[in-house]
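Please open the model in your viewer and keep the selection panel at hand.

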Amino acid sequence: MNADIFLWLVQDGVTNGAIYALLALALLLVFAVTRVIFVPQGEFITYAGLSLALLESGRTPGTIYILAIGGLVAALIDAVAALRDRAWRRLPRIAALYILLPIGVALLVAWAAPRKFDHWVQVLLVLAMVVPLGPIVYRIAYQPLASASVLVLFIVSMAVHYVLAGLSLVFFGGEGLRSSPFWDAHFKLGVMDLSAQSLFVIGASALLIVALWLLFEHTIYGKALRATAINRVGARLVGIRTALTGQISFLLAAFIGAVSGILISSITTLYYDTGFLIGLKGFVGAILGGMASYPLAALGALVLGLLESFSSFWASAFKEVIVFTSIIPMLVWLSVRSRHVEEEEEE
Amino acid sequence: MNRRIITALLAAGALGAATAQAEVIVGVTLGATGPGASLGIHYKNAFQLMPKTLGGQPVKYIILEDGSDATNAGKNARKLISEDNADVVMGSNGVPSSLQIAQVATETQTPFLCLTPINVKPDQYKWTFSVPQPTELMMSAVAEHMKEHGVKTVGFIGFSDAWGDLMYKATQHWADKYGYKVVTDERYARADTSVTGQILKIMAANPDAVVVGGSGTGGALPHIALVDRGYKGLIYHNHGTVNAEFIKVGGKKVEGAIAPTGPLIVPEELPATNPVKKVALEFTTRYEKTFGAGTRNGFAGYSADAVRLLAAAIPEAVKKAKPGTPQFRAALRDALEHVKNVVGTHGVYNLTPQNHNGEDERARVLVHVENGQWRLMK
């Protein structure tokens, strides 16, 4: 191995690590706020990446049906709850959020798809399609069970994952798709040959991480999220609606997933089920960071990206084994350190 | 669509069960969902185009879904044989699934037309017939081409699954005869986000040619990475990769990719003397008419050829026994072992007790990507 190869591998590892870092943050956020281990995070990646690739070829992505029908189901659940409470004033808001918005977006995309707008317009369309899915999924699957145990919520997550992955196969088909790169250029920096696309991915991830930090530190919603994460009951006592914080965390998770999907679909071929594995690696990154701190999770994801890149050079047949085995020492350490917490949960 | 057919068939089956079974029951298990979905969908589609009588006998197809899971495939095969009284089973996409079914076929003494190239010995798996070209036969075309172009060193990168292993073995198989050396055995997964590490290793070994052991669009990732790193040698794929989606994903970067495949991918370009041309062209035309232009693929052809082999064997078998009996299954197996000159979409089949595939050089052509299309190499 010479310096050239070393630098290539670092570049590759950091690029993938940046995406895993985003996903690790999203998973950690959702877990902290709602105690949901959000397995379907990966599906947002798939939906966004494949929708973008389909829009590029001028076809209408099936995501719009998932969005519209999901919205209707969520609206129905909310409307029934509102009628039961005789809270008529809630109905217009429900209709606007869950019916008008999703169907509006769906129609817009159906109109725009054959017209092949500029790449950036397509990116915005994809975000408009995929991001609302987060709150919709939360409303349908998780909100009714918000106070259930971590294990029950995890089982729900698996179910949601299977449903979304199945829909993905129906709407996107079994073959892989790839979107065109944002910026197809190469730079020479000393001995290193940098591809513009990987700089773009790293830059976008860094920007998003800073934006998240600003959100948590300087906005009332961000502070509400943090408060819910620290103490659910306490947060409710001071007047924070935990259902709302749950929805916001899912909104952010869907947003992060969609951005990751858009970034990654230009550097690799995405399949209807690829997102799960990418999301899983984000999860491993979060665990490497101790499943508690955001900077550590991001660092863990970065380390994972590098580990993956170097193991694919030295022992490609065992790459996944190496990557997923790396969490075992961390899990052992976590379980040794926090034994009494688990006992509490079992009671 | 398929479910409707299955339901109709099941309903028909329930009615027919009362009367004596006169029709031949073909049990099929395929994975049109799960990780092998991209292949399974094509295999399954083909059964919509299959004739309802074979060799003068009415035929009933029962298609079950195994989700590309080997355990499910085995269970499905068992169910088809014990509950539906299948006379012959077919399936599945994926080597592990197919091996499971082969076990069940041996145990229950039911002929099994395998739709995936698996490497099993006929004396051990008496009841298993492998329809697709053996990977060695396919790669021999690549090996010949490499020899012609003076290739001495070959880099290999393939899936980290049974398919990657098969392709590596097939590439290695011809190394001595055609005078090349396989210098790398790199592996990747279909869902990987990057193959940079593997490609760097291949580039460091600097082989004259690279063989990619992937399938479908999965073959595009290493090819694109090689081109991005400025690799100038020949890049070969395999018959699993030859479809329109591969080019859609790879775009300009996969221009010049070479792959062996069955003749049905390029029937229009075959010379009129080619025995396979007529059958292949007819099937491809029908398939694209039903499922859309550019959907032609090798997998659907394997389903079609399995049915053709069956059609050739049934007349012999019905002379000896009635469908639905163990005697018929045995007779069918014996007949399959002796079918001669069956022209399929992929080639000409001449089966013997020692050779349960029976295809020859007529079952392979070399194609390459030219102006965004798979074209026959002259």
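This is a predicted model: local features need pLDDT of at least 70, side-chain atom pairs count only at pLDDT 80 or more; totals for chains, interfaces and linings use all residues.

**Chain B as a whole**

Begin by selecting chain B and colouring it by secondary structure, which shows 12 helices and 15 strands. The radius of gyration of this chain is 21 Å, close to the 21 Å that the globule rule gives for 378 residues, so chain B is as compact as a globular protein of that length. If you draw a box along the principal axes, the C-alpha atoms of chain B fill roughly 70 × 40 × 40 Å. Of the 378 residues in chain B, 57% count as buried, and among its contacts between residues at least 6 apart in sequence, 67% join residues at least 24 apart.

**The contact between chains A and B**

Next, show both chains and select the residues where they touch, with 28 residues taken from chain B and 27 from chain A. On the side of chain B, helix H2 (37-46), strand E8 (181-188), H7, helix H8 (220-228) and helix H9 (244-250) each supply at least two residues. The largest share of that side, six residues, comes from H7(B). Coloured by residue class, the chain B side divides into 12 nonpolar, 11 polar and five charged residues.

**The largest nonpolar core**

In soluble globular proteins, nonpolar side chains tend to be buried together. Now select Ala24(A), Leu25(A), Val130(A), Ala258(A), Leu309(B) and Leu310(B), which touch the most other members of the largest nonpolar core, a set of 215 residues. Helix H1 (residues 3-34) of chain A gives this core its largest share, 17 residues. Centre the view on Ala258(A) and ask which residues it contacts once neighbours within four places in sequence are left aside. The partners to highlight are Phe44(A), Ala48(A), Val126(A), Leu127(A), Val130(A) and Val131(A).

**Two residues with positive phi**

Most residues other than glycine have a negative phi. Select Arg35(A), in the loop between H1 and helix H2 (41-56) of chain A, where phi is positive at about 60° although the residue is not a glycine. Arg35(A) is partly exposed, with 19 other C-beta atoms within 10 Å. Then select Gln109(B), in the loop between helix H4 (95-108) and strand E5 (112-114) of chain B, where phi is positive and near 55°. Gln109(B) is partly exposed, with 13 other C-beta atoms within 10 Å.

**Last stop: Gly234(A)**

Finish with Gly234(A), which lies in helix H10 (residues 232-237) of chain A. Is this glycine, Gly234(A), buried or exposed? With 11 other C-beta atoms within 10 Å, Gly234(A) is exposed. A distance drawn from its C-alpha atom to that of Met291(A), 57 residues apart along the chain, comes to 22 Å.

Notes
Residues are numbered from 1 along each chain as its sequence is written. Chains are lettered from A and ligands numbered from 1 in the order in which they are written. Helices (H or I, at least four residues) and strands (E, at least two) are DSSP runs, numbered from the N terminus. A residue is buried if 20 or more other C-beta atoms lie within 10 Å of its own, exposed if 12 or fewer, and partly exposed in between; C-beta atoms are placed from the backbone. The radius of gyration is taken over C-alpha atoms; the globule rule is 2.2 Å times the number of residues to the power 0.38. Two residues are in contact if their C-beta atoms, placed from the backbone, lie within 7 Å. A nonpolar core is a set of buried Ala, Val, Leu, Ile, Met, Phe, Trp, Tyr and Cys residues joined through C-beta atoms within 7 Å. Ala, Val, Leu, Ile, Met, Phe, Trp, Tyr, Cys and Pro count as nonpolar, Asp, Glu, Lys and Arg as charged, and the others, Gly among them, as polar.
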